[in-house]
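Subject: Structure for you to look at

Hi there,

Here is the structure I promised to hand over. Please have a look at it first, and then read on for what turned up.

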Amino acid sequence: YLDALQFLYMPEAATQVAALTSETIDLIWQLTTDSVDALAGDPNVVVEEVASGSYQPIVMRLDQEPFTDTRVRQAFKYATNREGMVGVVLQGRGVVGNDQPLPPNHPFAADLAPYPYDPERAKALLAEAGYPDGLDITLYTADLRPGMVASAVAFQEIVKAAGINVQIEQVPGSSYWSEHWMQSALTVSNWGLFISADTILSLAYHSAGVWNESGIANAELDGLIEAGRSEPDATKRQEIYARAQQIIQEEGGTLVPYFRPQFYARRSNVQGVIYVPQGPAYWHETWLQQDA
């Protein structure tokens, strides 16, 4: 097995691909969808796809205008063509999201239909909220994880039909999490899969959550999250979490357009990598095959 691991940070996808094909590196975690196709014909590279339930939401801060109004948040959700974002950002890989964090294959996922793509309904909601001529907004993102910039660009184009004019502000990755995430009114975020429903709900959707990125503060939701944590009966717990997901979908500021798989690429001589949906991988049984 391996004696050591060396991690290299390469923000550019093209640089990652070149490093793998030239044998400078042995494995890429969080491969971009463009890179999947770029590596598909290389006989010395193996590309792996693992269903994960990761998601990259468009996050609206409930404590900042214009998102203090539920109608504006819902307008943004109606304005989003989710199938279109899956096609553009994930090149058809992944599943449509429904604005809450539990993917369809999660044991506590509620059966909630996503908001339909309805730009006219979005326009009407914006008009009711005081924006009859549409809305101009800045969306902050950074090239930190595959899909964060692509999601911003796809979202910008898709919501134009509803009169939402998005100005993308791509900022340096070194300052994104500290200066814009959880602070600016509209941002792109990145989440991996949490196996425990309580973990993700407590962290990001409870009013006291340390990563409550949308600033949601709903007393009923807080109570449901706390009740679900201590409920031993699985059926009752399912009902509790279903109601929590409904509140997040209807009133929350987290727009989840898709759940994306994880993509890995490795040199064909890298053996024994254990891929997991909620993290980079397990390498404790990894070894390098060498020619005799």
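Let me start with Asp-99, which counts as buried because its relative accessibility is 0%. Please keep in mind that this is a predicted model. The partner of Asp-99 is Arg-82: their side chains meet in a salt bridge, at 2.8 Å from N to O. Asp-99 sits in the loop between strand S4 (95-96) and helix H5 (119-128), while Arg-82 belongs to helix H4, so the pair ties together parts that are 17 residues apart in sequence. Arg-82 is buried too, at 2% relative accessibility.

One joins Arg-229 and Asp-198, whose closest N and O atoms are 2.9 Å apart. Since Arg-229 is in helix H9 (residues 219-230) and Asp-198 in helix H8 (residues 197-204), this pair ties together parts 31 residues apart in sequence. Asp-198 is buried, with a relative accessible area of 15%, whereas Arg-229 is partly exposed at 43%.

The other is between the side chains of Glu-220 and Arg-243, again with an N to O distance of 2.9 Å. Here helix H9 holds Glu-220 and helix H10 (residues 234-251) holds Arg-243, so parts 23 residues apart in sequence are tied together. Glu-220 is partly exposed, with a relative accessible area of 40%, and Arg-243 is partly exposed as well, at 28%.

Now for the pockets. The largest pocket holds about 1200 Å³ of space. Its lining has 41 residues, and those nearest the centre are Leu-8, Gln-16, Leu-27, Ile-28 and Trp-29. By class, the lining splits into 24 nonpolar, 10 polar and seven charged residues. Several elements each supply at least two lining residues, among them helix H1 (13-21) and strand S1 (27-29), but the largest share, four residues, comes from H6.

The second largest pocket has a volume of about 480 Å³. Of its 24 lining residues, Gln-30, Arg-145, Asn-190, Trp-191 and Gly-192 lie nearest the centre. Strand S9 (residues 258-267) gives the most to this lining, with four residues. The classes here are 13 nonpolar, nine polar and two charged.

Leu-144 is buried, with a relative accessible area of 14%. Leaving aside residues up to four places away in sequence, Leu-144 touches Tyr-9, Gly-173, Tyr-176 and Trp-177.

Methods: Residues are numbered from 1 along each chain as its sequence is written. This is a predicted model: local features need pLDDT of at least 70, side-chain atom pairs count only at pLDDT 80 or more; totals for chains, interfaces and linings use all residues. Side-chain values use heavy atoms; hydrogens and water are left out. On a 1 Å grid over the protein atoms alone, a cavity is a set of points where a 1.4 Å probe fits but cannot get out, and a pocket is an open set with protein on both sides within 12 Å along at least five of seven lines; lining residues have an atom within 4 Å of a point. Grid points are joined across faces, edges and corners, and a volume is the space filled by probe spheres set on the points. Ala, Val, Leu, Ile, Met, Phe, Trp, Tyr, Cys and Pro count as nonpolar, Asp, Glu, Lys and Arg as charged, and the others, Gly among them, as polar. Buried means under 20% relative accessible area, exposed over 50%, partly exposed in between (1.4 Å probe, protein chains only). Contact means heavy atoms within 4.5 Å. A salt bridge is a side-chain nitrogen of Lys or Arg within 4 Å of a carboxyl oxygen of Asp or Glu.
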